[in-house]
Amino acid sequence: MFGVLVMGHQDVMRNPFNDDKDFAGCSIFGMMNLEGKRFSSKDPVRAIANMHERGNGLGGGFAVYGIYPDFKDYYAFHVMYLSKDAKERTDRTLASGFNIIYDEEMQTKPANVRDPPLVWRYFVQPKTRLFEGNSEEDYVIQKLMRINTETGKAFVFSSGKNMGVFKGVGFPEDIADFFCLEDYEGYIWTCHGRFPTNTPGWWGGAHPFNILDWTVVHNGELSSYGINRRYLEMYGYKCTMQTDTEVLAYAFDLLMRRQRLPIELVSKILAPPLWSEIERLEQGQIEVFKALRQTYGSLLMNGPFSIVVAHEGEMIGLNDRIKLRPLSAGLRDDFLYLSSEESSIRLVSPQLDKYWNPRGGEPVIGRVGCRSVATPSLASEAEQ
Amino acid sequence: MKSYMPSEYFVDRDEEKCIRCKVCVNQCTYETHSYDEEEDVIRSKDENCVNCQRCVTFCPTKAISIIKNDSPYRYNVNWTPEAIKDIKKQAETGGILLTGMGCDKPFLSYWERLLLNASQVTNPSIDPLREPMEIRTYLGSKPDKLEIELDNGDFVLKTKLSPQLTLETPIMFSAISYGAISLNVHESLARAATEYGTYFNSGEGGLDPRLYKYGNHAIVQVASGRFGVHSRYLQSGAAIEIKIGQGAKPGIGGHLPGEKVTENIARTRMIPVGTDALSPAPQHDIYSIEDLRQLIYALKEATDYTKPVSVKIAAVHNSAAIASGIVRAGADIVAIDGVRGSTGAAPKVIRDNVGIPIELAIASVDQRLREEGIRNKASIVAAGGIRSSGDVIKAIALGADAVYIATAALVAIGCTVCQKCYTGKCPWGIASTDPWVAKRINPDIASQRLTNLLRGWSLEIKDMMGGMGINAIESLRGNRLSLRGVGLTDTELRILGLKMAGD
């Protein structure tokens, strides 16, 4: 099947106690230039570092969009290796399925991080004659799945075009240091600091989670994980990471990439309005939102979460339907900020044109070229 | 022939309390009590007593206790009193032993060995007294995906959904046929289902036209006898259920004795007054899955595709494969009735020995339909031995969309599970069509008791959901991480798809 990032033998490292799921608290931060202008790591790193107390040093990471303009037509793979053998094997697999345009060891420098793996960067182009009727994206995902399972010691943690994920075990500011993020510029930065309660933290288990150019940073624990996972399994996703962030990433992949639903509706699947709210809508809209809950009820993400999701040209913030995790938003000039805490937004932009706390289930959608940030809402529209 | 059967119960009457009011004499339909005018004393024939508790409940001075005859025979692990009595009974009658209600053996229940989760620290529990807690459930086929277009800022639904049943609580009243029970009981179930926003099932004896006004909350059944099946009947219900099997008696048909077939029942069932109503073991137009498909679509055609069609089977060894076939045959709902499912009359040997527990059937059917990628094509309704809201919520966590209850509903209106429904003499007026006892059920009171039961269970379900940090029932459905097993083998845990408690 497709749409799957599977990892085999790393199970033991990522979830040594075989818990139902990852139990973690976290800080999240997202910053986007709505004109698509690139900016440095300075503000995002300061902002996430400001929420140091929300993490415990067992995971930090960043997703940066627009960082590889010279290679923007090629998939940029960031790969962690736990052994030289795994790299040799993976290089062969990559070479058989892709034209490798350029590859190099990721620039890193000594930093306050624990046991860093070897990290390699590849710019690749799929060999088109090998698609066999699949879409190019599904082909790429199949290959990623193979790499991630065949050795158990190689893990592709970033796989989109003109974007990159940098993550590992450490506080986010230390991860930024380690990966020399001061050398990069992007128009979206999403950031994560992690507080896992049950995993010792391994480099692949840090956020953001990624498929193609989709990334998710997540704070929360899904009480509905058991059924979210079983529903996605029906569509070929293998949830082997045992983290609830993984099901969020797959849900976005299924609903937005494969089923082509807009984020305005996807947010109402993940965090739907109450039946009583649906009944107050106009007749035609009642049908739509009722059908969404009837059809996709198993993808309702129940329990606390706040997430920042990004893909090319778009950054989205979303809370669970009764807002059990913090998420605040701010706008200043061309910049959209999303954060677990207002303090981090005020740190990097003391003056804001607009500051608000999005309601549960109401997405904040930033799009490149679109100065008005969309905050589609059902109930509040009438009230406002 | 002199009967060797011992009395099962003794009637203990406190003569000082007894005021000779003769309530017990009038209430008992088994003629256990009689009044001796000469000596001004009430006497009892202990051998007639079935321990239904009717006289105990209605005795105004609480003078009566029923005492179990605990030691009619010498203690023996193998030759239990039940085994010995069954043999004596058959030696005296030469027939099949009949019984009523569900299997009463202790080894077939898994509910007690399943435990629910609750939130602590890493995610918050939700207080259902202060926050919304949604248990509305829709039954019917769901599409793989929705096509929705944006038109002038409004979303327009392009995918047409199949017809759905709307349940305000995931509990429905299971099939109990008119004839097995009286009109008053049917009416009570219909009114409670209507008031609470759920459904009652007509059972296989048709629906008295006086109840058509509750049709929006009726599931009308089509069984092997086709009693009372006609176009107005099909049109009257919100959904149609094809009954293939029943948990209490998988593989066999039914027999309503002619004595119970009164005039109204005869008219509703479309048979002569006083004749036995025999339901054949199979549906004689369904000898295979392709025949089932034809009946499903015949019923859909007959109702213009406006009503979901359910197929009810008894939980048996190959339920998962059978359910898969039923879904592929076009059913919108699969109802599964477990080995502890109830009946008005069934051969005892079948009730106690045929079928599988509903817990295992839910787990294997839900899992199979997921593996085949068709779980969304039909809803699963679980039945058979559900006694509490705890059982309901566990059934849903295992993978059911909703449950059917029948015994619990009858208990709510008086039944004490004495297991003598097949005699047609129910002193509580439930499993009887004799007008003299049937009027003991007052639909005003009985429907209130049923509504109270639905309300109480629904509140408890919300409480348990809140404790788990879940505020919509769809997040619990099939969410097996919310359950753990205790005292189960690895194989049982594997089939249930659960981890052991503590793991």
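B:Arg226 lies in the loop between strand E13 (218-222) and helix H5 (231-236) of chain B, where helices (H or I, at least four residues) and strands (E, at least two) are DSSP runs numbered from the N terminus. The structure is a predicted model, in which local features need pLDDT of at least 70 and side-chain atom pairs count only at pLDDT 80 or more, while totals for chains, interfaces and linings use all residues. Residues are numbered from 1 along each chain as its sequence is written, and chains are lettered from A and ligands numbered from 1 in the order in which they are written.

The backbone of B:Arg226 has a phi near 55°, a positive value in a residue other than glycine. Most residues other than glycine have a negative phi, and most peptide bonds are trans. B:Arg226 has 17 other C-beta atoms within 10 Å and is therefore partly exposed; a residue is buried if 20 or more other C-beta atoms, placed from the backbone, lie within 10 Å of its own, exposed if 12 or fewer, and partly exposed in between. B:Glu31 also has a positive phi, of about 55°, although it is not a glycine, and its place is in the loop between helix H1 (23-27) and strand E2 (33-36) of chain B. B:Glu31 counts as exposed because it has 10 C-beta neighbours inside 10 Å.

Chain B is divided into domain 1 (9-95) and domain 2 (138-144 + 157-500), with bounds that come from an automatic or database domain assignment. Taken over C-alpha atoms, the centres of domain 1 of chain B and domain 2 of chain B are separated by 34 Å. Where these domains meet, 9 residues of domain 1 of chain B are in contact with 7 residues of domain 2 of chain B, two residues being in contact if their C-beta atoms, placed from the backbone, lie within 7 Å. The side of domain 1 of chain B that touches domain 2 of chain B consists of 4 nonpolar, 4 polar and 1 charged residues, a scheme in which Ala, Val, Leu, Ile, Met, Phe, Trp, Tyr, Cys and Pro count as nonpolar, Asp, Glu, Lys and Arg as charged, and the others, Gly among them, as polar.

The contact between the chains takes 36 residues from chain B and 33 residues from chain A. On the side of chain B that touches chain A, the largest share, 4 residues, comes from strand E9 (residues 154-157) of chain B, and by class that side has 14 nonpolar, 11 polar and 11 charged residues.

Turning to chain A, the secondary structure comes to 12 helices and 19 strands, and 57% of its 384 residues count as buried. Among the contacts in chain A with a separation of 6 or more, 76% are accounted for by residues 24 or more positions apart.

Two helix pairs of chain A show how its elements pack. Helix H6 (residues 225-234) of chain A and helix H7 (residues 244-258) of chain A have axes that come within 10 Å and cross at roughly 40°; axes are lines fitted to C-alpha atoms, for helices over the stretch in contact, and angles run from 0 to 180 degrees between N-to-C directions. H6(A) and H7(A) are therefore oblique to each other, since angles under 35 degrees count as roughly parallel, over 145 as roughly antiparallel, 65 to 115 as roughly perpendicular and the rest as oblique. H6(A) passes H7(A) in a left-handed crossing, meaning that the near helix is turned anticlockwise from the far one by less than a right angle, whereas clockwise would be right-handed. In this pair, A:Tyr225, A:Asn228, A:Arg229 and A:Leu232 of H6(A) meet A:Asp244, A:Val247, A:Tyr250, A:Ala251 and A:Leu254 of H7(A), a contact that divides into 6 nonpolar, 1 polar and 2 charged residues.

Helix H8 (residues 263-270) of chain A packs with helix H10 (residues 283-296) of chain A at an angle of about 55°, their axes 9 Å apart, and this pair is therefore oblique as well. H8(A) passes H10(A) in a right-handed crossing, and A:Leu265, A:Lys268 and A:Ile269 of H8(A) meet A:Phe289, A:Leu292 and A:Tyr296 of H10(A), giving 5 nonpolar, no polar and 1 charged residues.

Two prolines of chain A complete the tour. The peptide bond from A:His207 to A:Pro208 is cis, with omega near 0°, and A:Pro208 is found in the loop between strand E10 (188-196) and strand E11 (209-211) of chain A. A:Pro358 lies in the loop between strand E17 (354-356) and strand E18 (364-367) of chain A and is buried, with 20 other C-beta atoms within 10 Å. Not counting residues up to four places away in sequence, A:Pro358 touches A:Gly317, A:Asn319, A:Leu327, A:Ala329, A:Val364 and A:Thr375.
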